[in-house]
Every structure is written in C-alpha cells, then in structure tokens.
Amino acid sequence: MTFIKNIVGKFTGSESKNGWPGLIEAYKKWLPVTSQTPIITLKEGATPLIELLSISKSIGKGVKIYAKYDGLNPTGSFKDRGMTMAISKAKEDGCKAVICASTGNTSASAAAYARRGDMRAFVLIPDGYVAQGKLAQALVYGAEIIAIKGNFDKALELVQKMSKEFPLTLVNSVNPYRLQGQKTAAFEIIDELGNAPDWLCIPMGNAGNISAYWLGFKEYFEAKKSTKLPKLMGYQAKGSAPLVYNQIIDEPKTIATAIRIGNPVNKEKAYKAKAESNGTFDYVTDDEIISAYKRLGKEEGIFCEPASAASVAGLLKYSNNIPENSTIVCVLTGNGLKDPDCAIKNNDASFYTGINPDMKEISKILGL
Ligand SMILES: *Cc1c(COP(=O)(O)O)cnc(C)c1O
C-alpha cells in the first residue's frame with residue numbers, strides 16, 4: 001500500500017493506525033492552522049479505500065470502483081474530518097460552547113469533539129427523524145439535545161440565529177473550517193491512487209462534502225499531485241432532491257435521513273463544483289438506495305448507512321455511461337451501525353427463530 005508508506009510512514013509515533021496522528025497533523029500545511037492552534041483530535045482520517053470487487057466485476061469494461069469508507073472515522077461518519085478542524089479553531093478562539101443542527105451525524109461528531117475540547121455541545125435535531133445509533137452517540141458523548149417539532153432546515157435556521165445572538169460557535173457546514181477539514185478525504189484518495197479518480201460519486205444533503213472534495217481535488221491538482229480532476233457525480237434521494245430540481249423542498253422525504261434536507265446551505269458552492277468538474281447531479285429512489293445498501297453488505301462486506309449507499313445507487317444508475325477502464329470512487333459517508341432499524345427492516349437474510357438446539361433440526365433447515 002503506497003498510502004501507508006507515503007503518509008503513515010512519516011509518523012513513527014506509537015499511536016493508533018500505525019502512527020497516524022489525525023488529519024490536521026498529517027495535512028497541516030494544507031490547513032488554516034498554526035503552532036498556536038490547540039489540535040483536538042480523535043485520530044480521524046486515513047480511512048480505507050476498498051475496491052468493490054463484485055460491483056466492479058458486474059459493470060465490467062475494465063472499470064475499477066472503490067469505496068472511500070468514511071464510516072470508519074472515530075464517530076462513524078465523515079463529519080469527524082470537518083469537526084476536528086471546526087472544534088480546534090473554536091478552541092483557539094476561546095469558545096466555550098458550540099451549537100449545530102443535525103440529522104444525526106453532525107451532532108454525534110460535534111458532541112464528541114466539543115467534549116474532548118472541554119466545551120459544551122448544543123444540538124438541535126428533528127424530533128423522530130434521527131437514527132437510533134446517532135442519538136445514542138450524542139447522548140453518551142454528553143451533548144445537550146433539543147429535539148424540535150420541525151425538520152432539519154428549520155433547525156439550521158434556528159441555530160444560525162442563535163449563534164449570532166449568543167456566544168456560541170456554529171459548527172454546521174456553513175462553518176468554513178468544516179470544509180477545510182473535509183477536503184482531506186480528496187487528498188487521501190490521491191495519495192493512495194497516485195492520481196485523482198475519473199469520477200467521484202457522492203451523496204448530497206447540505207452539499208458541504210461535495211464542495212469540500214472539490215476544494216481538495218483542486219488544491220492537489222494545482223500542486224501537481226494529480227494530473228486530472230474528477231467528474232463530480234452528486235446524488236440525492238428522489239423525495240429530497242432540491243439540487244436536482246433546483247428548488248427548495250419544503251417537506252423532504254427519504255429513508256436516508258442523513259440527506260433528508262430540503263434547502264442545502266452549500267447550494268452555490270455545489271453548483272459551481274458541478275459546473276467546474278463537468279459533473280452531474282441526479283436523484284436515486286429509496287428503492288435504489290436500499291438495493292445498493294443491501295448489495296454493499298452482502299456482496300462486498302461493507303455495511304454503510306442508507307444515505308451513503310446513494311453514491312453507489314447513483315453509480316449503478318449511470319453504469320451505461322461509465323467510460324472504459326475508468327477509476328471511480330464512491331464515498332461511503334457513514335457507518336451502517338448508525339441506523340440499525342433500517343438494517344433490520346431491509347435485508348434478504350435468512351433468519352430462523354425459536355429453533356430447538358438440535359443438530360438434526362438445524363441441518364435440515366440449512367439444507368445440509
Ligand atoms: C452529513 C451526511 C451526508 C450529507 O453530507 P452533506 O455535506 O450535507 O452533503 C451524507 N451522508 C451521511 C452519512 C452524512 O452524515
């Protein structure tokens with residue numbers, strides 16, 4: 001693995017991931033930090049790029065498809081990349097409390113990093129629309145949680161106002177440090193592949209992540225670390241696709257709660273990234289999302305959350321358009337354990353219950 005040599009090999013400390021120091025330390029010359037910045041880290045980043053063998057094979061044409069599995073960050077989503085930056089900068093500024101609106105992962109990540117930096121974490125979530133695992137995390141990490149009768153967009157509107165009214169640092173992706181931290185995922189991909197992929201497939205909610213990837217790909221390209229820029233393929237859920245229809249969706253609906261957002265704050269940045277990369281934005285249905293989610297689990301051994309599977313669902317929708325011999329990266333934004341309800345309701349597993357502890361009976365059921 002050249003990645004291990006190029007990146008991790010530089011850090012000979014005895015810390016986790018064979019010396020990986022966390023993404024701020026690893027990429028500090030690319031980030032707005034100084035020696036004065038207190039680095040608040042849980043050793044996020046350095047997530048695996050995993051070749052999707054079964055899906056690549058089914059598409060054929062010499063195409064290589066990888067998953068950037070950002071669900072393996074410390075709190076289980078890519079939000080940690082942005083949060084280590086946002087919280088470190090908040091700490092540097094003397095901030096005592098942070099606030100965010102969240103569909104779940106931002107709150108889990110904000111709570112973990114804020115508490116680690118000895119700050120209070122206030123989170124507003126849409127009542128009833130946050131996956132169980134994410135709620136559990138925010139509770140355990142010691143967030144102060146307000147569940148509002150309203151959706152994510154309403155929650156974001158409120159926290160934006162509150163951060164102006166009170167001494168609170170807003171850590172949603174309108175916070176520019178979030179995108180700075182998140183752009184490191186693009187660096188990692190290029191460091192490992194030796195070049196940018198031809199396509200980057202990614203789910204879009206507030207569209208901060210796609211904007212951050214573009215920032216990262218452009219910076220590395222300008223520094224001649226890659227010879228090309230990827231085409232950005234951004235996917236939303238059909239019932240929650242403001243960037244596809246170019247209009248605000250008042251009541252976004254989708255099983256993929258992490259991207260259930262009707263009025264993305266990073267809309268302008270995302271459209272610019274799409275235009276500059278000659279990319280495509282489209283929707284995928286919840287059925288397509290679940291089908292990709294199941295395939296990732298049972299064919300590739302990768303358990304991601306439904307929102308993350310939108311990237312692979314989108315790729316499959318565009319499989320006829322994939323150029324021969326291309327390299328594609330699908331971003332898997334969050335860990336499947338975040339949303340156990342979805343997993344239990346949506347799988348093709350054989351699950352026999354109430355069986356006697358009897359080998360004959362069991363072998364009969366298994367057809368042995
Ligand atoms: C936040 C999130 C997204 C959406 O990212 P944006 O930056 O809001 O577009 C997608 N998937 C998961 C799992 C998330 O937590």
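Tutor: In this predicted model, helix α8 (residues 152-165) lies across β3, β4, β5 and β6, and runs at about 155° to β3.

Student: What makes β3, β4, β5 and β6 an open sheet?
Tutor: The four strands follow the order β5-β4-β3-β6, with parallel pairing. The edge strands are β5 (144-148) and β6, each of which pairs on one side only.

Student: What joins β4 and β5?
Tutor: β4 and β5 pair in the parallel sense over five bridges, and in β5 the bridge partner of Leu124 is Ile146.

Student: Why is the unit of β3, α6 and β4 called right-handed?
Tutor: The term is used when, with the strands pointing away from the viewer, the path from the first strand over the helix to the second runs clockwise. The β-α-β unit made by β3, helix α6 (residues 105-116) and β4 is assigned as right-handed, which means that its path runs clockwise in that view.

Student: Why is strand β3 described as largely enclosed by the rest of the structure?
Tutor: A residue counts as buried when its relative accessible area is under 20%. Five of the five residues of β3 (residues 97-101) are buried, so the strand is largely enclosed by the rest of the structure. Both of its faces are covered, with Ala97, Ile99 and Ala101 buried on one side and Val98 and Cys100 buried on the other.

Student: Why are α14 and α15 called roughly perpendicular?
Tutor: Helix α14 (residues 286-300) and helix α15 (residues 306-317) pack at an angle of about 100°, with their axes 7 Å apart. Angles of 65 to 115 degrees count as roughly perpendicular, and the two helices are therefore placed in that class.

Student: Which residues meet where α14 packs on α15?
Tutor: From α14 come Glu288, Ile289, Ala292, Tyr293, Arg295 and Leu296, which meet Pro306, Ala309, Ala310, Val312, Ala313, Leu316 and Lys317 in α15. The residues of this contact divide into ten nonpolar, no polar and three charged.

Key
Residues are numbered from 1 along each chain as its sequence is written. This is a predicted model: local features need pLDDT of at least 70, side-chain atom pairs count only at pLDDT 80 or more; totals for chains, interfaces and linings use all residues. Side-chain values use heavy atoms; hydrogens and water are left out. Axes are lines fitted to C-alpha atoms, for helices over the stretch in contact, and angles run from 0 to 180 degrees between N-to-C directions. Angles under 35 degrees count as roughly parallel, over 145 as roughly antiparallel, 65 to 115 as roughly perpendicular and the rest as oblique. Contact means heavy atoms within 4.5 Å. Ala, Val, Leu, Ile, Met, Phe, Trp, Tyr, Cys and Pro count as nonpolar, Asp, Glu, Lys and Arg as charged, and the others, Gly among them, as polar. Buried means under 20% relative accessible area, exposed over 50%, partly exposed in between (1.4 Å probe, protein chains only). Two strands pair if DSSP finds at least two bridges between them.
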